[in-house]
Amino acid sequence: MSELASDHAGRVVGLYGDPTVSWSILLEARLSSALTPEKARMRLAVAAGERPWLGAAPDVEAVRSEELPAVRDRFAEAAYERGAPLLRVAVGTDEPVVLIAAHHGALDGLGLLAVLGLALDVPISSAAKGIGARTADRSFLVSAFQRLAEALFAPPARITPERAESGPGDVFSARILPRSRFGSSAFAAAAADLTETWNARHGEETTRVVAAVGASWRGGAAPEPVHDSAFFRLRLGRRPTVAEVGALLATQPPEPDFPARSSRIARLGTRLLAGRLGSTYLVSNLGVVSAADAVTSIAFYPAASGRSGVAFGAVTVGETSTVTVRARRKDFDDAATADLADGIVEALRRLRS
């Protein structure tokens with residue numbers, strides 16, 4: 001790759017890339033046996049050398065369990081500097097856990113799974129199907145004008161913030177559940193249900209819910225450490241059913257690809273309208289993952305951006321399903337994010353009952 005990997009990753013995020021966030025996505029895996037930092041460092045150095053789009057070989061930090069939340073915060077918040085590694089890795093020294101973060105312009109969720117497999121030296125796959133040859137039905141320019149008009153005149157609903165602060169970064173919460181199969185349609189419907197319930201509790205009416213649903217062009221049968229993500233923006237009615245969301249996902253084209261270049265004026269506009277652009281929330285489900293019994297649970301934290309700055313992630317592996325919430329610290333504290341995590345779990349249960 002003739003250009004810097006960091007420059008390429010920044011361009012991949014494109015004009016849709018909210019300039020107020022780091023675009024760092026994270027995966028935290030609990031392991032069935034210990035992984036040493038030395039082995040992870042060696043394996044990932046080889047992987048980065050063979051894949052120049054990953055940037056420089058990452059350092060691998062050795063951390064104790066009580067240090068992990070602070071490391072997660074740092075991995076999520078810190079910007080990826082030009083020329084720096086696009087992977088960040090920490091390995092637990094007193095419990096078997098590995099934390100992997102990456103610039104979303106270099107890797108998508110399935111790509112993070114692939115990096116986990118490289119670090120562990122085990123085959124990893126996901127039952128995620130991918131969207132294959134489906135293409136957008138309009139150009140990026142047309143889509144950008146439509147989203148600008150939406151932001152100015154009818155912005156998507158937001159999950160009502162719990163507070164208004166100026167602090168940077170995100171807050172995280174995860175719930176590890178017994179193995180439970182649910183697809184992206186159920187996940188998006190549950191998040192819509194949570195949004196209405198949460199907003200009503202805060203005295204707000206919910207209108208114009210727009211769900212962003214993360215997807216991949218490729219399937220997860222043999223994931224590679226690349227960025228190949230797609231996403232959908234679904235305009236949902238009140239308390240949508242799983243079938244209604246599924247019908248939209250089956251028929252609606254994905255959003256157009258990001259442009260190769262964006263102007264300074266466009267970036268300024270994106271920054272000024274960051275509070276009105278985007279979606280009500282993002283959901284991203286990496287599906288049912290097979291990891292050769294090397295992993296007991298996986299928490300996936302997609303990037304939280306856009307109007308609400310709330311993202312929900314899900315992964316099923318072994319006997320567990322892990323549901324996560326990532327939200328902006330300026331709008332939600334730890335307690336509120338934990339409430340959102342409890343709320344999405346309860347919404348999923350309501351849909352199954």
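## The loop between β9 and β10

Asp-293 has its place in the loop between β9 and β10, where helices (H or I, at least four residues) and strands (E, at least two) are DSSP runs numbered from the N terminus. This is a predicted model, in which local features need pLDDT of at least 70 and side-chain atom pairs count only at pLDDT 80 or more, while totals for chains, interfaces and linings use all residues. Residues are numbered from 1 along each chain as its sequence is written, and side-chain values use heavy atoms, with hydrogens and water left out.

The phi angle of Asp-293 is near 60°, a positive value in a residue other than glycine, and at 73% relative accessibility Asp-293 counts as exposed (exposed means over 50% relative accessible area, buried under 20%, and partly exposed in between, with a 1.4 Å probe and protein chains only). Ala-292 is found in the loop between β9 (281-290) and β10 (295-301); its phi is near 55°, again a positive value in a residue other than glycine, and Ala-292 counts as exposed at 52% relative accessibility.

## Overall composition

The secondary structure of the protein comes to 9 helices and 12 strands, and buried residues make up 53% of its 353 residues. Among contacts (heavy atoms within 4.5 Å) with a separation of 6 or more, residues 24 or more positions apart account for 78%. The protein exposes about 15100 Å², of which carbon and sulfur atoms supply 54%; the accessible areas come from the Shrake-Rupley method with a 1.4 Å probe, and for residues only the protein chains shown count as cover.

## Nonpolar cores

In soluble globular proteins, nonpolar side chains tend to be buried together. Here a nonpolar core is a set of buried Ala, Val, Leu, Ile, Met, Phe, Trp, Tyr and Cys residues joined through side-chain atoms within 4.5 Å. The largest such core has 40 residues, of which Phe-187, Tyr-281, Phe-312, Phe-332 and Ile-344 touch the most other members, and its largest share, 9 residues, comes from α6. Apart from it lies another core of 36 residues, among them Leu-31, Leu-35, Leu-54 and Val-317.

Leaving aside neighbours within four places in sequence, Phe-312 is in contact with residues including Phe-187, Ala-191, Leu-194, Tyr-281, Thr-324 and Ile-344. Gly-343 has its place in helix α9 and is buried, with a relative accessible area of 17%.

A pair of aromatic rings is described by the distance of the centres and the angle of the planes. Rings of Phe, Tyr and Trp (its six-membered ring) pair if their centres lie within 6.5 Å, and planes under 30 degrees apart count as stacked, over 60 as edge-to-face and the rest as tilted. By this rule the count comes to 4 aromatic pairs. One of them, formed by Phe-182 and Phe-187, is tilted, at 5.6 Å centre to centre and with 50° between the planes; Phe-182 is buried at 15% relative accessibility, and Phe-187 is buried at 0%.

The rings of Trp-198 and Phe-332 have their centres 6.2 Å apart and their planes at 55°, so this pair is tilted. Trp-198 lies in helix α6 (residues 184-201) and Phe-332 in the loop between β12 (320-328) and α9 (334-352), so the pair ties together parts that are 134 residues apart in sequence.

## Two buried threonines

Thr-324 is found in strand β12 and is buried, with a relative accessible area of 0%. Its side chain reaches the backbone oxygen of Phe-300 at 2.6 Å. Beyond its neighbours within four places in sequence, Thr-324 is in contact with residues including Ser-173, Phe-300, Pro-302 and Phe-312.

Thr-337 has its place in helix α9 and is likewise buried, with a relative accessible area of 0%. A polar atom of the Thr-337 side chain lies 2.9 Å from the backbone oxygen of Asp-333. With neighbours within four places in sequence left aside, the contacts of Thr-337 include Ser-173, Val-325 and Phe-332.

Terms used:
Polar contact = N/O pair within 3.5 Å; in protein donor to acceptor, adjacent residues only side chain to side chain.
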